[in-house]
Amino acid sequence: MKRIVAVVAILMASTAIYAQKFAYVDMDYILNKMPAYTDAQKQLDKIADGWQKEVEAKMKDVDDMYKQFQSEQVLMTEPMKQQKMKDIEAKEKEVKDFQKDKFGPNGELFKKRQELVKPIQDKIYDEIQKYATAKGYDVIFDRSSGPTMLFANEKLNKSQEILDALGIVAKPAGQ
């Protein structure tokens, strides 16, 4: 029994000696206060809207081709019907390929997002690393990345200090 008490006492003392400092930031909050990020987001939205309109126009063409086929098929021979259906399917595949090229996981929108947003994120991560080193933090969590933090004392939130270090003046919420 004395051994267990001694082991527990040693463990408690060693954890007290090696106590770690924790903090968190809210990356969404920081990003949304950065003019460069909001400008990049607007630019991405504009590009995506343009591509989406192209997709919709091309899909309308496919729908029109199909409606025309339905109205004319009674007058067509079987080989003509098959050729028309192949044409419609080819046009539909072309639209889906275009959509995948623009919006897919490795599509142009993803690449454009990397080009515009990654440098901003890298700047923030560098600032967080400098801040953590200067203030002696062992771990800094990102509160915005999902339900990984069930409780966080607001005094541990260092988002505003990161914005200050980046030279960004944040307007109060609601403005």
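Start by selecting I128, which sits in helix α5 (residues 108-135). Helices here are DSSP runs of H or I with at least four residues, strands are runs of E with at least two, and both are numbered from the N terminus. You're looking at a predicted model, where local features need pLDDT of at least 70, side-chain atom pairs count only at pLDDT 80 or more, and totals for chains, interfaces and linings use all residues. Residues are numbered from 1 along each chain as its sequence is written, and side-chain values use heavy atoms, with hydrogens and water left out.

Is I128 buried or exposed? I128 has a relative accessible area of 11%, so it is buried. The cut-offs: buried means under 20% relative accessible area, exposed means over 50%, and partly exposed is in between, using a 1.4 Å probe and protein chains only. Now show what I128 touches. Skipping neighbours within four places in sequence, I128 is in contact (heavy atoms within 4.5 Å) with V25, M27, I140 and I162. Try the distance tool on I128 and I140: their C-alpha atoms are 8.1 Å apart, and the two residues are twelve apart in sequence.

**Zoom out**

Colour the chain by secondary structure. There are six helices and two strands, running α-β-α-α-α-α-β-α from the N terminus. The chain has 175 residues, and buried ones make up 22% of them. Taking contacts between residues at least 6 apart in sequence, 79% join residues at least 24 apart.

**Helix α3**

Next, select α3, residues 35-72. Its 38 residues should span 56 Å at 1.5 Å a residue, and the end C-alpha atoms are 55 Å apart, which agrees. (The expected span is 1.5 Å times one less than the number of residues.) Highlight Y37, A40, L44, A48, W51, V55, V62 and F69: these are buried in α3. Their cover includes α2 (27-33), α4 and α5.

**α3 beside α4**

Two packed helices are described by the angle between their axes and the distance between the axes. An axis is a line fitted to C-alpha atoms, for helices over the stretch in contact, and angles run from 0 to 180 degrees between N-to-C directions. That makes α3 and α4 roughly antiparallel to each other.

By class, the contact has 13 nonpolar, two polar and nine charged residues. Here Ala, Val, Leu, Ile, Met, Phe, Trp, Tyr, Cys and Pro count as nonpolar, Asp, Glu, Lys and Arg as charged, and the others, Gly among them, as polar.

Stay on α4 and pick out its buried residues, I88, V95, F98 and K102. What covers them includes α3 and α5. Then click K81, also in α4. At 24% relative accessibility, K81 counts as partly exposed. Setting aside neighbours within four places in sequence, K81 is in contact with F69, Q73 and M76. K81 and F69 are 8.0 Å apart, C-alpha to C-alpha.

**α3 beside α5**

How do the axes of α3 and α5 cross, and at what angle? They come within 9 Å and cross at roughly 175°, so α3 and α5 are roughly antiparallel too. Residues that meet here include A40, L44 and I47 in α3 and L116, V117 and I120 in α5. This contact divides into eleven nonpolar, two polar and three charged residues.

**The core**

In soluble globular proteins, nonpolar side chains tend to be buried together. A nonpolar core is a set of buried Ala, Val, Leu, Ile, Met, Phe, Trp, Tyr and Cys residues joined through side-chain atoms within 4.5 Å. Select I30, M34, I120, I124, I162 and L166: of the 22 residues in the largest core, these touch the most other members. The largest share of this core, seven residues, comes from α5. Apart from it lies another core of eight residues, including W51, V62, F69 and V95.

**Last stop**

Finish at S159 in helix α6. S159 is buried, with a relative accessible area of 1%. Beyond neighbours within four places in sequence, S159 is in contact with Y24, V25, D26, Y29 and I30.

Definitions and conventions. Parallel < 35°, antiparallel > 145°, perpendicular 65-115°, else oblique.
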